[in-house]
Amino acid sequence: MSARIKQLVAAPGGRRTKWLVLAAWILLLVALGPLAGKLGDVEDTGPNAFLPRSAESAELNTQLEKFRGDPEDEVMPAVAVYSVPDGAMTDAGRQKAEADVRAFAPYVAAGERVTPPVPSDDGGALMTLVPITDEEDLTDTIEDVRDVAADGAPPGVDVEVGGPAASLADSVAVFDSLDATLMLATLAVVTVLLLITYRSPVLWLFPVLAVGFAAVLTQAATYLLAKHASLPVDPQAAGILMVLVFGVGTDYALLLIARYREELHRHEDRHEAMQLALRRCFPAILASAATIAVGLSCLYFADISSSRSLGLVGAVGAVCAFLALVTVLPALLVIVGRWVFWPFVPRYGTPVHGHRTVWSRIGAAVARRPRWSWLMSLGVTALLVFGVVGMDFGLKQSELFQDKPESVVAQERISAHYPSGASDPADIVTNADAKDAVRAAVGKVDGVAGVTDGDTTGDLAALRVTLDDEPDSDAAKDTIDDLRTAVGEVEGADALVGGTTAEALDTQRAADRDLRVVVPIVLLVVFLVLIGLLRALVAPLVLLATAVLSNVAALGASYLLFDHVFDFAAVDWSIPLMGFVFLTALGIDYNIFLMTRVREEVALHGHAKGVLTGLTSTGGVITSAGIVLAATFSVFAGLPLVTMAQMGVLVGVGVLLDTFLIRTVMVPALALDLGKWTWWPGALFRQETRRAPAAADTAAGLPEADRVRA
């Protein structure tokens, strides 16, 4: 880094620029604040928001738009189901269902009508379809329909409203409260942990303020990119975004403040202390932000739209967190002075560490038997890896929520009394002149309960296919494959098969494809970032290998929690890829923080002492950062959506594993065991080759008692 760049980096801590930096940020927030509140306006909640871009079901949804004069007038069925747990439907139940047909009329889409109650073959249920417009107030409409259905329900008759419209409304209701819930919970967790970390009634406020600046910038930037550069944003990505910014931003704050505190012990002038602190930790923070941003950006190559959205939005958040934490936080800390650390104010001329820390003891233990240490840690992670054996994948619609919403209960009632696919048929769009041939081909497919004609527009025609099996079951997915084969053989039909079951099947296959394509790309770009940072090949390979091992171990440990603690039915298809990308991008941060400090110390003191000094110096701050990041993502575990809960648990477990085992034991032990070859073939390797023999160097890095034994 040139002297000019160093000067610019250190500017926020300078005498003249600190106020300018703060003023610039305040003006920026005033200008961008209104835009930050508009992020919800650009969120994609359309039918293809969570589907693979290349999926046949997504193409069908696009074709279905041609059947509507106005894209906002999409008609979705709600299904009111009246059932008796045991026995036949009562007269009072039939009268209630018939009366509700008239009561539902005000909520029906223009040109549509409520179907009369359809009795089940076993006589224990009635089902009424209520076609509703997919509009902005869908949630309110479904709530009104449910109020009508529940009002005056006869004793002994269960009434629930489900179907695609109700399922969508239940999902929207979850996401509507997601942002506020996540923000408040994350803020509370970060505040508590910062209070514990700093034991100061004041200092914790400044990282939170800096992260707040980053959050506003992130939301405004995301909104502008979504509006003017087609950045995909869905509700799930928008919710995770703020947790990512809080977690990553707080990590950077912890690293900077820890280094600033060290320099305040060595320098009387706080401006000089901040300039040195920022210069010395800037490469690690920059490499961390680059790793996260580039790693998450690799999800651009994913086929599933929601994965692309989360990756690109997360990259924006990492960049904004970096910009805020290396500018506004240094300016704030220098402005307020040393008293912000009260009651543990770092005094000039006092020792940085007044006593031997737990990290120096851990370093000494690892240094005594480095090979045994990394083999032991390898054995622990290998045991956790076995947790992935026999892992079940694929959540059904009824398993997506920790607490069953009414739409899921309604589907269970329908499945118990009707063909399971009755409430959510598959869709087919074909050329109109081939409709009869397609209908005939569909009727011959095993697993099809019935076929009905849909709308016709121009040269296209739609069919609706009721399946025998539950929409998200494996049997229904097999039927979709058979349907696609059958209609594909109809000459000139150009038929597409979609619907809920087809979407689940396409997503499952795309998730497998994305895992095989995206993971190697992520590993390659992270490897290149590490080479640029550490100026070596061996150290980046070691860090990457430990990251892969840690990720798989985290997935195995998380599955044990999913199965035995949270009682989740299976693992969502998206979790392995999303977990791997997030853990590689976030988890390797701690090794970056460690190894950049180690590299700095090795250049001064030699390899062994540099490794131990780096571990001792960064141990406390990296551990605090890991706990903060794991705790912020653990907020997801309490959310009603199982997918997000699994994501939070996996990232939390992975970060803790990286913090307490990989970074603390495995990486330092491997570095000590490899010796100077850790830095091959860079300049540091050549410098170490010219140093004293390795044995003397190793002894120099040990505590006095251990040095004598060495």
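Helix α9 (residues 235–266) packs with helix α11 (residues 305–325) at an angle of about 30 degrees, and their axes lie 9 Å apart. Because angles under 35 degrees count as roughly parallel, over 145 as roughly antiparallel, 65 to 115 as roughly perpendicular and the rest as oblique, α9 is roughly parallel to α11. Axes here are lines fitted to C-alpha atoms, for helices over the stretch in contact, and angles run from 0 to 180 degrees between N-to-C directions. Helices (H or I, at least four residues) are DSSP runs, numbered from the N terminus.

This is a predicted model, in which local features need pLDDT of at least 70 and side-chain atom pairs count only at pLDDT 80 or more, while totals for chains, interfaces and linings use all residues. Residues are numbered from 1 along each chain as its sequence is written, and side-chain values use heavy atoms, with hydrogens and water left out.

The crossing of α9 and α11 is right-handed (left-handed if the near helix is turned anticlockwise from the far one by less than a right angle, right-handed if clockwise). Contact means heavy atoms within 4.5 Å; among the residues of α9 that meet α11 are A237, L244 and Y252, and among their counterparts in α11 are S309, G314 and F322. The residues of this contact divide into 14 nonpolar, four polar and no charged. Ala, Val, Leu, Ile, Met, Phe, Trp, Tyr, Cys and Pro count as nonpolar, Asp, Glu, Lys and Arg as charged, and the others, Gly among them, as polar.

A second pair is formed by helix α10 (residues 270–297) and helix α18 (residues 500–534), which pack at an angle of about 165 degrees with their axes 9 Å apart. That angle makes α10 roughly antiparallel to α18. Their crossing is right-handed. P283, A287, T291, V294 and G295 of α10 make the contact with V522, V525, V526, V529 and L533 of α18. The contact comprises eight nonpolar, two polar and no charged residues.

Two single residues may be considered next. R597, in helix α20 (residues 575–605), is buried, with a relative accessible area of 8% (buried means under 20%, exposed over 50%, partly exposed in between, with a 1.4 Å probe and protein chains only). Not counting residues up to four places away in sequence, R597 touches R259, E262, G614, S617 and T618. S360, in helix α13 (residues 358–368), is buried at 17% relative accessible area.

Finally, pLDDT is the predictor's confidence in each residue, from 0 to 100. The protein chain has a mean pLDDT of 84, and 91% of its residues reach 70 or more.

Conventions: Helices (H or I, at least four residues) and strands (E, at least two) are DSSP runs, numbered from the N terminus.
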